[in-house]
Amino acid sequence: MQQVIRINLKRLRTFLNYSRNYLKRNNPVKLLKNNFVAGLKDVLSINKKRKMVKYKLRYQMHQLNQMEKLIAQNNEHAFLRGNKFNEMR
């Protein structure tokens, strides 16, 4: 009986040591704090991110419009040139 109690206490002690070491490595309070701070930073910087996305989108649209103009100027088809169609008539 005494030996069974001793074995169970030893198992309990090793389990508690594993649990303590795990909590040292992966502290749930630190993880919660880090997640909260990261979320707060995202919320506070969302306007800046939105402005950057708008700028990038406008730049891409500008590049696309320039490319379309170049294609229309160098294309033989009159319907792509627009104003040159009236001159041909």
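Which residue forms a salt bridge with Asp-42, and how far apart are the closest N and O atoms? That was my way into this one, which is a predicted model.

**Entry 1: the salt bridge.** I looked up the partner and found Lys-49, with the closest N and O atoms 3.3 Å apart. Asp-42 has a relative accessible area of 42%, and Lys-49 comes in at 44%. Buried would need under 20% and exposed over 50%, so both residues go down as partly exposed.

**Entry 2: the fold.** I went through the elements and noted five helices and zero strands. Along the sequence that reads α-α-α-α-α. I also looked at burial: of the 89 residues in the chain, 3% are buried. The chain exposes about 9200 Å², and I see that carbon and sulfur atoms supply 61% of that.

**Entry 3: the nonpolar patch.** Helix α1 covers residues 2-25, and I found Leu-16 in it. Leu-16 belongs to a nonpolar surface patch together with Met-1, Ile-5, Leu-9, Leu-12 and Phe-15. I noted about 670 Å² of accessible area for these residues together. Leu-16 has 48% relative accessibility, so I wrote it down as partly exposed.

**Entry 4: the positive patch.** What sort of charge gathers on the surface at Arg-50, Lys-51, Lys-54 and Arg-58? The charge there is positive, and the four residues make up a patch. I placed Lys-54 in helix α3, which runs over residues 46-73. Its relative accessible area is 39%, so Lys-54 is another partly exposed residue in my notes.

**Entry 5: confidence.** I left this check for the end. The mean pLDDT of the chain is 86, and 84% of the residues reach 70 or more. Which element has the lowest mean pLDDT? I found helix α5 (residues 83-88) at 52, while α1 has the highest mean at 94. Where pLDDT is low, the predicted coordinates should not be read in detail. I am keeping that in mind for my own reading of helix α5, given its mean of 52.

Key:
Residues numbered from 1 in each chain as written. Predicted model: local features only at pLDDT ≥ 70, side-chain atom pairs only at ≥ 80, totals over all residues. Heavy atoms only, no water. Patch = residues over 30% accessible without salt bridge, like charges linked within 9 Å, V, L, I, M, F, W, Y side chains within 5 Å. Areas by Shrake-Rupley, 256 points an atom, 1.4 Å probe, with all protein chains shown as cover. Salt bridge = Lys/Arg side-chain N within 4 Å of Asp/Glu carboxyl O. Helix = DSSP H or I, 4+ residues; strand = E, 2+ residues; numbered from the N terminus. Buried < 20%, exposed > 50% of the residue type's maximum accessible area, 1.4 Å probe, protein only. pLDDT = per-residue confidence, 0-100. Lys, Arg positive; Asp, Glu negative; His and termini not counted. Charge placed at Lys NZ, Arg CZ, Asp CG, Glu CD.
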